[in-house]
Amino acid sequence: MMASYRKLPCTGRGSYDLSGEILKKQAHVAISRTRLQERHQQITKKKDFVARSKAALEGKKGKELFPSTFNNKKKKKEEKEETSGSGIVIVKKDNPVDQCEQEYEDMCYTPIRHDTIETDALIYTESKISREIEEMRAQIAVIKKSSKEKTEQERDLNVEERGLALMGDATEDEELFNCDIQLDTTYSWADKYKPRKPRFYNRVHTGYEWNKYNQTHYDQDNPPPKIVQGYKFNIFYQDLIDPTSTPTYKLKKCPEDKDFKILTISAGPPYEDIAFKVLNREWEYSNRYSFKSQYSQGIFQLWFQFKRYRYRR
């Protein structure tokens, strides 16, 4: 109508015909009516949708929100189920998908989708996963144990190397002295810690004693016999339970031989007491004669020499 109005010819001096004015008014009225009808349809559909939604939520009977979907589900359910006279639902076993869906609805669990598993796929069950986890834990425990043992061995080697470095190289007058004595001792802490013997590295210092008697009866070509002049004890206590405790030593007479004494060194748990058989002679406690009794960085050192007596006629 608006198009026909625009094509109307002009009559006279630029003025339109009366029929054109009428058409113009009718066009505006028709356009407004059409727009009102479209708006009315939209509002009606919206109200209808809201009403049906409320009816569905309240459980009222009425039209379904999605009738096509509901009908399809109902039709599908009627096809896969058959109801007997007693009310028991009988599922057709021809289709495994329908059977799985029915089991899910009845038993409330998700069945295994066997149709989606390939023939060469790995199936992980709970027992298999638990077994693999236990195997991995065992492997990790073995690795940790081996690394811990290796670390402890390296630490022990480092402590021993440090002790040997403190002692220095052995001279011609020094020999190894690693003979300890077994002690029958019970410990009050034995039920809590397992007693073990400490590692040690000892030396005995020997030499000639050129007193007046030996000078008279011996010479350089025919030297006197060597005698024990002192000891160097190095005991390793790198795993003491109480790192602030200091090892101690004590001497007691040897009941079997009066020319010897028993040197016992004690440190505390988890180490046993260790004892050595030394000569029964008087010690030199002066630093001048290299006396040492100290405990540092897991190493207990006890170095001493015997006093030398001059020969008198």
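1. A residue is called buried here when its relative accessible area is under 20%. By that cut-off strand 6 (residues 203-207) is mostly covered, for five of its five residues are buried. The model is a predicted one, and the points below should be read accordingly.

2. Which residues of strand 6 point one way, and which the other? R203, H205 and G207 point one way, V204 and T206 point the other way, and all are buried. In a regular strand the side chains alternate between the two faces of the sheet.

3. Strand 6 has pairing partners that deserve mention. Strand 3 (residues 174-176) pairs with strand 6 in the antiparallel sense over three bridges, and E174 stands opposite H205 of strand 6. Strand 7 (residues 227-236) also pairs with strand 6 in the antiparallel sense, here over five bridges. The bridge partner of T206 in strand 7 is V228.

4. R203 counts as buried because its relative accessibility is 6%, under the 20% limit. Its side chain is joined to that of E174 by a polar contact of 3.2 Å. R203 and K232 are 29 residues apart in sequence, yet their C-alpha atoms are 5.1 Å apart in space.

5. Q301 belongs to strand 13 (residues 299-306) and is buried, with a relative accessible area of 2%.

6. Four strands form an open sheet, in the order 4-10-9-8, with antiparallel pairing. Strand 4 (180-181) and strand 8 (248-253) are the edge strands, and each of them pairs on one side only. Strand 8 is joined to strand 9 (residues 260-266) by six bridges, and the two run antiparallel. K253 has K261, in strand 9, as its bridge partner.

7. The loop between strand 9 and strand 10 (274-279) contains E272. With a relative accessible area of 25%, E272 is partly exposed, since that class lies between the limits of 20% for buried and 50% for exposed. Leaving aside residues up to four places away in sequence, E272 touches Y187, P195, R196, K197 and P198. E272 and A190 are 82 residues apart in sequence and 9.8 Å apart in space, C-alpha to C-alpha.

8. The aromatic side chains can be treated together. Rings count as a pair when their centres lie within 6.5 Å, and by this rule there are 17 aromatic pairs. One of them is W283 with Y285: the ring centres are 5.9 Å apart and the planes stand at 40°, so the pair is tilted. The angle falls in that class because stacked planes are under 30 degrees apart and edge-to-face planes over 60. Are W283 and Y285 buried or exposed? W283 counts as buried at 4% relative accessibility, whereas Y285 is exposed at 52%. Both W283 and Y285 are members of one aromatic cluster, together with F177, F200, Y231, F233, Y249, F276, F291, F304 and F306.

9. Lysine charges also sit over aromatic rings. K277 lies over the face of F260, 5.1 Å from the ring centre. The charged end of K292 sits over the ring of W303, at 4.1 Å from its centre.

10. How many disulfides does the model contain? The count comes to zero, the criterion being a pair of cysteine sulfur atoms within 2.5 Å. Two cysteines may be compared by accessibility: C179 is exposed, with a relative accessible area of 56%, while C254 is buried, with one of 9%.

11. Some totals for the protein complete the note. The secondary structure comes to six helices and 13 strands. Of the 313 residues, 22% count as buried. Among contacts with a separation of 6 or more, 58% are accounted for by residues 24 or more positions apart.

Note on methods. Residues numbered from 1 in each chain as written. Predicted model: local features only at pLDDT ≥ 70, side-chain atom pairs only at ≥ 80, totals over all residues. Heavy atoms only, no water. Pairing = 2+ DSSP bridges. Phe/Tyr/Trp six-rings, centres within 6.5 Å; stacked < 30°, edge-to-face > 60°. Buried < 20%, exposed > 50% of the residue type's maximum accessible area, 1.4 Å probe, protein only. Lys NZ or Arg CZ within 6 Å of the ring centre and 35° of its normal. Contact = heavy atoms within 4.5 Å. Polar contact = N/O pair within 3.5 Å; in protein donor to acceptor, adjacent residues only side chain to side chain.
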